[in-house]
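Hi,

Here is the structure I promised to pass on. Please open it alongside this note; what I found follows below.

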Amino acid sequence: MSKLGHNKPPIPLDPKETIKKNINRRKLIVDDKISLFKGIPLPTWIELSLIDVCNRSCSFCPKSDDKVAPDTYQKMSKKLINKLHDDLKRMKFNGSIALCGYGEPLLHKEIEYIVDKLSRVADVEIVTNGDPLTHKMITKLYNANAARLLISMYDGPEQIQKFKDMIKQSGVPEEFIILRDRWYTKTENFGVKLTNRAGTIKTGNQIANDVHTVCFYPSYQFLIDWNGDVFLCPQDWQRRQTMGNMMQEEIFDIWTSKIMKKYRIDLLDGKRCNNPCKTCNAQGTLLGINHAQKWKEIYKN
């Protein structure tokens with residue numbers, strides 16, 4: 001089913017094509033170049049959950065169920081951001097940081113400081129539902145050296161002109177903003193690459209857990225929660241298995257830890273035998289093939 005698009009309006013846009021375009025954009029970031037530190041392939045993608053609250057309640061998101069993902073209003077501290085900056089600088093990180101996670105990042109009052117600080121060691125992209133945005137905030141985020149601002153539009157095509165006017169008023173380059181159509185129905189999987197969030201949600205056209213087995217997630221990325229807990233990936237919304245806490249350990253030590261190694265090897269072998277992986281239906285091989293091959297070489301020796 002085609003809908004009005006936002007790239008060169010008015011053009012028909014298929015939600016599947018939009019998803020494909022987003023994956024291809026990520027591939028350029030994740031799979032372009034692998035940096036090594038002490039002979040170890042570094043991640044190229046780190047997702048931060050800055051604040052545990054969202055102003056929306058989307059049915060395909062665990063935040064729609066207070067029993068699973070209640071708003072706690074807990075937020076990442078400057079102290080944690082500063083340590084993350086220092087850890088990444090020491091290990092010569094050369095990837096991207098995505099501000100997204102388990103909440104709406106623009107609800108964090110220190111968002112400008114966070115973007116400015118982390119942009120010194122990485123490309124920082126922000127994923128937002130657009131509700132807190134103003135033209136002044138867009139300008140501030142651009143001046144804080146954010147690399148990209150992704151706006152997910154959930155209400156309908158009428159949002160396109162609203163944000164285009166806002167972008168024009170902000171005076172930032174048009175390519176700084178990526179508008180994403182996310183207003184589709186359940187039959188079209190809401191216009192997202194739908195997963196069950198490691199067994200957390202059932203809405204939409206969910207595939208069985210055993211369709212995909214091999215997973216590259218822990219080969220190229222991880223997620224850091226507001227309190228510094230490190231998780232395998234953004235699928236683990238129930239926070240069932242932490243890899244460590246970055247306020248107690250160095251990021252690189254967590255990345256090379258025994259528990260991270262165990263999950264990495266199992267998933268490279270197609271064994272989703274541990275929590276939360278055994279209840280997850282995500283297609284974990286869309287990104288990270290180069291990292292996966294490098295880790296296989298390391299573990300073979």
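Ala198 sits in the loop that runs between strand E9 (177–181) and helix H6 (217–220). Its phi is positive, about 55°, although Ala198 is not a glycine. Is Ala198 buried or exposed? Buried: its relative accessible area is 1%, and the cut-off for buried is under 20%. Keep in mind that this is a predicted model.

Asn145 is another non-glycine residue with a positive phi, near 75°. Look for Asn145 in the loop between helix H4 (135–143) and strand E8 (148–153). Asn145 is partly exposed, with a relative accessible area of 48%.

Next, a peptide bond to check. The bond joining Asn275 and Pro276 is cis, with omega about 0°. Pro276 belongs to the loop between helix H8 (258–268) and helix H9 (289–300).

How many residues does the largest nonpolar core have? It has 75. Leu48, Leu99 and Ile224 have the most contacts inside that core. Take Ile224 and set aside its neighbours within four places in sequence. Another core, of eleven residues, lies apart from the largest one. Among its members are Cys58, Tyr102, Phe190 and Trp237.

If you want one place to begin, go to Ala198, with its positive phi and its buried position. Then turn to the cis bond at Asn275 and Pro276.

Best wishes

Technical notes
Residues numbered from 1 in each chain as written. Predicted model: local features only at pLDDT ≥ 70, side-chain atom pairs only at ≥ 80, totals over all residues. Heavy atoms only, no water. Core = buried A, V, L, I, M, F, W, Y, C linked by side-chain atoms within 4.5 Å. Buried < 20%, exposed > 50% of the residue type's maximum accessible area, 1.4 Å probe, protein only. Contact = heavy atoms within 4.5 Å. Helix = DSSP H or I, 4+ residues; strand = E, 2+ residues; numbered from the N terminus.
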